[in-house]
Amino acid sequence: RIPPETANEWASSLGDNRLNYSNLVLFMKDSENVLMSDSSASDRGRNGPIEIYFHSTNDSNRELADSLANFLNISYVKDYATSAGLKGVFPMQRSLKRDSCGFNNGVCQRQDPFSTYVKPFLLNRTNLVVAELSQVTKIILRTKNNGIVEAKGVEYFDSYGDLVRAKAKEEVIVSAGTYGSAKLLLLSGLG
């Protein structure tokens with residue numbers, strides 16, 4: 001979650017009010033399912049796919065946070081991820097898949113964007129392959145008779161270090177971030 005001050009600063013410096021906290025919080029709420037009885041904040045989501053918990057009230061870290069707040073005479077905030085922002089001492093939160101562990105026992109699976117949004121989507125897609133832990137090195141290009149260059153696939157190193165050539169039936173989507181996409185295009189002879 002982004003603190004309100006940071007979101008509003010971005011919106012102001014970029015001159016784009018769509019990036020202010022009051023707009024972004026709608027997307028954050030859609031992504032989370034806050035199961036913490038301690039948080040009644042209206043800017044926390046209750047029906048999203050990512051479950052958010054406080055550590056157990058018996059957790060030694062929470063006791064330490066209480067003691068620290070009292071000692072330093074600063075506010076103890078039950079839920080830091082609200083419009084109140086990051087001020088004071090607050091308990092640690094976690095996003096763990098509840099059915100993959102005994103909550104406080106055993107190994108738990110963190111709910112990251114890939115496992116929460118992409119992996120479930122892939123289960124029903126036969127026309128899409130995602131090669132995890134791979135590094136794309138080049139876009140395979142072809143020049144048509146009319147001189148137009150089109151992407152036909154990619155070359156990448158798979159998780160075993162083998163060079164793989166994957167051909168696309170329809171299109172190649174370049175989504176390697178600001179720098180990674182530009183680097184990939186340059187390595188492929190474009191730009």
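A salt bridge here is a side-chain nitrogen of Lys or Arg within 4 Å of a carboxyl oxygen of Asp or Glu. The model is predicted, and the rule gives a count of five salt bridges. Side chains of opposite charge can pair when their charged atoms come close.

**Network around E150**
- R142, E150 and K152 are joined in a network of salt bridges.
- K152 has a relative accessibility of 29%, so this residue counts as partly exposed, falling between the cut-offs of 20% and 50%.
- E150 is also placed in the partly exposed class, at 22% relative accessibility.

**Pair R44 and E32**
- A salt bridge connects R44 with E32, and the closest N and O atoms lie 2.9 Å apart.
- This pair links distant parts of the chain, its two residues being 12 residues apart.
- E32 belongs to strand β1 (32-34), whereas R44 sits in the loop between β1 and β2 (50-54).
- R44 is buried because its relative accessible area of 3% is under 20%.
- E32 is likewise buried, with a relative accessible area of 4%.

**Pair R18 and D16**
- R18 and D16 form a salt bridge through their side chains, at an N to O distance of 2.7 Å.
- R18 has a relative accessible area of 63% and is therefore exposed, the cut-off being over 50%.

Definitions and conventions. Residues are numbered from 1 along each chain as its sequence is written. This is a predicted model: local features need pLDDT of at least 70, side-chain atom pairs count only at pLDDT 80 or more; totals for chains, interfaces and linings use all residues. Side-chain values use heavy atoms; hydrogens and water are left out. Buried means under 20% relative accessible area, exposed over 50%, partly exposed in between (1.4 Å probe, protein chains only). Helices (H or I, at least four residues) and strands (E, at least two) are DSSP runs, numbered from the N terminus.
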